[in-house]
Each structure stands twice: as structure tokens, then as C-alpha cells.
Amino acid sequence: KGPALVLAPLAGWDAAGGAQIYSIPQGGSLMAAEGGFALGGSGSMLIYGWCDSTWREGLGREECCEFVARALELACARDGSSGGLRHLTVIGGAGGRIDRRVLPPGGDEAPVAKAEVDAGGGAS
């Protein structure tokens, strides 16, 4: 296989600027994210509606991790160019702790947005 293309959102917090989120699109420019989150990659266009309806200000650390994991799962379920293992890394907390998580592939059980709507969760 050839090299992989990664379009990673970047986020951070500092005393001067507070919480900040940026994305680096394929063209290479640095863009400030609007709306509280940033998306990138081939599956991102498929989940904007879910992210818009699910994201809310003030999510805690674990809620943010669940939001990201679910967004990745939904994007990979719909995008033929995505899939396999997904890596979630959270940097922060006391002493700059690094929390690395490997999210397994969704497999055949990967949900679709309609199933979530019918179950009362996600988008409306």
C-alpha cells in the first residue's frame, strides 16, 4: 500500500485564547473551526448533519470522546474509503497526560443515522 493521507483537526486550550479548534484541509492552510468542532477526511461530509444536531457546548472529557468515537463510526460506516482501526488521542490534564485509545472497526453492526433517529437518538 502507498502512503495514507491524514487531515487531522487540531485543538487546544491556553490562558490567553481559551479553547481553540483548527483544521488543516488538503490544501495545507490552517483554518479556525466554527461551531465547536472540526471535521476532516473523506467521510466528514457524510456526518455534518449528525454532528450539528448532536454537539453541544460544555461536554465533559468522556462525553467529547464518545462524540468523536461515534462520529468516526458513522463516517466509516458510510464512506467506502474509510474504515479499519481508528485512533483517538486526548492530550491534557495534569502534567500533559496522553490518553491513547484504539477504536475497533464497527463491522456489520455499524449503525446508520436513520436507525438512531428511529431509536430516539441523534438527528431529528
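How do the residues of the lining of the largest pocket divide into nonpolar, polar and charged? They divide into 30 nonpolar, 15 polar and 3 charged. Here Ala, Val, Leu, Ile, Met, Phe, Trp, Tyr, Cys and Pro count as nonpolar, Asp, Glu, Lys and Arg as charged, and the others, Gly among them, as polar.

The model is predicted; local features need pLDDT of at least 70 and side-chain atom pairs pLDDT 80 or more, while totals for chains, interfaces and linings use all residues. Residues are numbered from 1 along each chain as its sequence is written, and side-chain values use heavy atoms, without hydrogens and water.

**View 1. Overall fold of the protein chain.** The chain holds 3 helices and 5 strands. Both are DSSP runs numbered from the N terminus: helices are H or I of at least four residues, strands E of at least two. From the N terminus the order is β-β-β-α-α-β-β-α. Of the 124 residues, 24% are buried. Buried means under 20% relative accessible area, exposed over 50%, and partly exposed in between (1.4 Å probe, protein chains only). The chain exposes about 8,500 Å², with carbon and sulfur atoms supplying 56% of it. These areas come from the Shrake-Rupley method with a 1.4 Å probe. Among contacts between residues at least 6 apart in sequence, 33% join residues at least 24 apart. A contact is a pair with heavy atoms within 4.5 Å.

**View 2. The largest nonpolar core.** Such a core is a set of buried Ala, Val, Leu, Ile, Met, Phe, Trp, Tyr and Cys residues joined through side-chain atoms within 4.5 Å. This one has 11 residues, including F37, L39, W50 and F67. The most come from α2, with 4 residues. Apart from this core lies another of 5 residues, among them C65, A69, V90 and L103.

**View 3. F37 and I47, two members of the largest core.** Both residues belong to the 11-residue core. Beyond four places in sequence, F37 contacts I21, Y48, C51, D52 and W55. I47 sits in the loop between β3 (31-32) and α1. I47 counts as buried because its relative accessibility is 6%. Leaving out residues up to four places away, I47 touches L39, A71, L74 and A75. I47 and A71 are 24 residues apart along the chain, yet their C-alpha atoms are separated by 6.9 Å.

**View 4. The largest pocket.** Its space is about 2,000 Å³. Of its 48 lining residues, P9, A38, V68, L88 and T89 are the closest to the centre. Two or more lining residues come from each of β1 (10-14), β2 (18-23), α2 and β4 (86-91). The largest share, 9 residues, is from α2. On a 1 Å grid over the protein atoms alone, a pocket is an open set of points where a 1.4 Å probe fits, with protein on both sides within 12 Å along at least five of seven lines; lining residues have an atom within 4 Å of a point. Volume is the space filled by probe spheres set on the points, which are joined across faces, edges and corners.

**View 5. The second largest pocket.** Its volume is about 290 Å³. Of 16 lining residues, S23, A38, L39, G40 and Y48 are the closest to the centre. The lining has 10 nonpolar, 5 polar and 1 charged residues.

**View 6. Q20 in strand β2.** Strand β2 holds Q20. Q20 is partly exposed because its relative accessible area is 25%. Beyond four places in sequence, Q20 contacts L10, A11, G12 and D14. Q20 and E34 are 14 residues apart in sequence and 9.6 Å apart, C-alpha to C-alpha.
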